[in-house]
Every structure is written in structure tokens, then in C-alpha cells.
Amino acid sequence: MLTQTINTQAINTQVRGKIGSALPASDQFVAIADHVGLIATELSYRKEEEIYGEDEPAEYVYQVVSGAVRTYKLLSDGRRQIGAFHLPGDVFGLESGASHRLTAEAIIETNVRVVNRASLEKVAGIDVHVARKLWAMTSGQLRHAEDHMLLLGRKTAMERVATFLLEMDRRLAVAGMMALPMCRRDIGDYLGLTLETVSRALSQLHSQGILGFSGARQIELRNRQRLRNIDAL
């Protein structure tokens, strides 16, 4: 749980208490903070370290600088449902209520920047520019939640894996290769599938020449159109 106090001052990055260089103006999240003169504090988390827990007060809004974050809910029987993977540039922790609905954890070593939520909401109440940008981020997360609900409720195992690969290809691929920060168990908990089912689907796609492996988490999509055809079934 984050306990560090964030003051409303000029926009700079604080890393372990030191003031760093100004953040890129092209970044939407930073642009909001810059517009209203809030400070964005940068924090580091180790692999598997909790950023915030379910039902904890939602006091801050977060953005991934590097690494990756998963948000999830533990069911009463111990099963885990991952709601989203947050990658560099993604904003998370925006809540409609006073507390977090999910737990957020760093998947790998991760840096995030945070802004005080109450300060953002106060400014949004009087600044249309800030309100519109916050609404755009919130509506984007709502669209993702709706798409995820459809994926879990209506798609077959193979269609779910295809959808996931196309999503990660869009968000992660560099020079045709994507390096997944999450393991196959994470993928299964995101897609509502067992580890064995995910592995079997990936192996089948590999045998059909649709994707190739270069290491445990390095995946090359060799035939995106065939993958899109599977996703569209």
C-alpha cells in the first residue's frame, strides 16, 4: 500500500526523494498533471510486489513507466481472475468508489508514477480540459472491461488465446516479436482457462505455423490474418 504523501507542486519526477527531469509533454497522464501543476512521484516495485490491495482506499492514480502490472480479484475458492494487464504508458487505479475493487501487483520489476486522486478530482471539477482527459481514460478502461466480459462469456478457448495474442501484438510487438512479461498461468487467469489449456492452444498455433517461439515468452506472429480469422469465428 502506498503511504507516501504527494504534494501539489510543479510537475517533476521524484525518485527516492530526488527531483528528476521534467516528464515528456506528449504523455497524456503527465500532460494532465502538468496542466494543473501537480507533482508525479515515481516509485519502484519488485517482481510480485503488491502496489495496492483490494478494498484499500483509492487515494492515488497510477501510470506504468516500465515493467508490467496485473490487477486481479481472488475468488472465495482461491481461484484468481485477472482483470487487466497494464503495460508502459497505461493508467490504472481509477475507481468509481472510494476503495480499490481489485488488487494490483507488479508482474516484473516495475516503475510507476502516481498522482494524488483527490487533487485530480478537485481540479477536474473546475477544469473542463482535465475532466475530458480523465473521462477519456475512464471510458477506455470501461471498453476494455466490456470486451473482456464478452471474451470470457462467449469465446472458445482457442478464440480467447487468439484475442489475447492479437492484443499483446498491438501493445507490445517490436520488429515483429513480442516479449510477454506475464507467464502462461497469468494468461490463463486472464482468459478464464487452465494453464494446460493455454499451453495446448499455443502449441497448436505453433504447429499450424501461425506463431513461433524464441524463448519461453518471446513470441513471433507469423500469420496475423489466420489469427484474426480464428478471433472472428
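Residues are numbered from 1 along each chain as its sequence is written, and side-chain values use heavy atoms, with hydrogens and water left out. Because the model is predicted, local features need pLDDT of at least 70 and side-chain atom pairs count only at pLDDT 80 or more, while totals for chains, interfaces and linings use all residues.

The chain contains seven helices and 13 strands; these are DSSP runs numbered from the N terminus (helices: H or I, at least four residues; strands: E, at least two). Of its 233 residues, 46% count as buried, where buried means under 20% relative accessible area, exposed over 50%, and partly exposed in between (1.4 Å probe, protein chains only). The chain exposes about 12,000 Å², of which carbon and sulfur atoms supply 51%; accessible areas come from the Shrake-Rupley method with a 1.4 Å probe, and for residues only the protein chains shown count as cover. Among contacts (heavy atoms within 4.5 Å) with a separation of 6 or more, 72% are between residues 24 or more positions apart.

Two strands pair if DSSP finds at least two bridges between them. Three bridges join strand 11 (residues 177-179) to strand 13, and three bridges join strand 12 (residues 211-213) to strand 13.

In strand 13, I219 is the bridge partner of F213 and also stands opposite M178, whereas E220 is the bridge partner of M177. In a regular strand the side chains alternate between the two faces of the sheet. Four residues lie between the strands in the hairpin of strand 12 and strand 13, where G215 takes a positive phi near 95°.

I108 lies in the loop between strand 9 (103-106) and strand 10 (110-116). I108 is partly exposed, because its relative accessible area is 28%. Not counting residues up to four places away in sequence, I108 touches Y45, R46, K47, G67, A68 and P181. The C-alpha atoms of I108 and E49 are separated by 8.6 Å, although these residues are 59 residues apart along the chain.
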